[in-house]
Amino acid sequence: MESEQALLVEYEKAQDSAQHHDGIVWSVISMTWAAEMVLLGFVVSSIEKCDHRIVMTILGMLGAFLVVFLWEVQRLSRAVRRQKYDRCIEIERKLGMSQNLGLKYPGGYQTGLFRVVCLLFLIAWAAVVWTVWRG
């Protein structure tokens, strides 16, 4: 049987880890979306002037790959964060606490919006590649 003190330490560490993973994923999302916008802006402004279809296609593939990579990082970090919060909730039940147990919010809403933005980036990259090769 776990002691109350051990559970409290584990609770604190799980809570800290969940918040850490959440912070990391949003930092990565912010930086990647900023990089995506810069790369997309460069490619779009160069489409008419550039005769290098292969280079533009590679840049488009890079942009799309970054979106897929970001999607996977977010998915994995979200899974770790969820496990950490689930452990916090389990400990709260054992100790009669309610920090996470009492939260009421629509689950998955942010993730849904995140996926919409990622899909829009993928569509933009597909449009870039299509535009490069259509002429």
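This is a predicted model: local features need pLDDT of at least 70, side-chain atom pairs count only at pLDDT 80 or more; totals for chains, interfaces and linings use all residues.
**Shape and helices of the model**

Me: What does the C-alpha trace span along its principal axes?

Reply: The protein has three helices and zero strands, where helices (H or I, at least four residues) and strands (E, at least two) are DSSP runs numbered from the N terminus. The elements run α-α-α from the N terminus on. Along the principal axes, the C-alpha trace spans about 70 × 25 × 20 Å.

Me: How far does α2 reach from its first C-alpha to its last?

Reply: The expected span of a helix is 1.5 Å times one less than its number of residues. For the 43 residues of α2 this gives 63 Å, and the helix comes close to that expectation with a reach of 63 Å.

Me: Which residue, with a positive phi, follows α2?

Reply: The phi of this residue is near 70 degrees. The residue that follows α2 is Gly96.

Me: Which helices do the buried residues of α3 pack against?

Reply: Helix α3 covers residues 109-134 and reaches 37 Å, close to the 38 Å expected. Its buried residues (under 20% relative accessible area, with exposed over 50% and partly exposed in between; 1.4 Å probe, protein chains only) are Thr111, Phe114, Cys118, Phe121, Trp125, Val128 and Val132. An α-helix has 3.6 residues a turn, so residues three or four places apart point the same way. The buried residues of α3 pack against α1 (4-46) and α2 (53-95).

Me: Why does Val9 count as partly exposed?

Reply: Val9 lies in helix α1. It counts as partly exposed because its relative accessibility is 41%.

Me: How far apart in space are Val9 and Phe69, C-alpha to C-alpha?

Reply: In sequence, Val9 and Phe69 are 60 residues apart. Their separation in space, C-alpha to C-alpha, is 34 Å.

Notes: Residues are numbered from 1 along each chain as its sequence is written. Side-chain values use heavy atoms; hydrogens and water are left out. Contact means heavy atoms within 4.5 Å.
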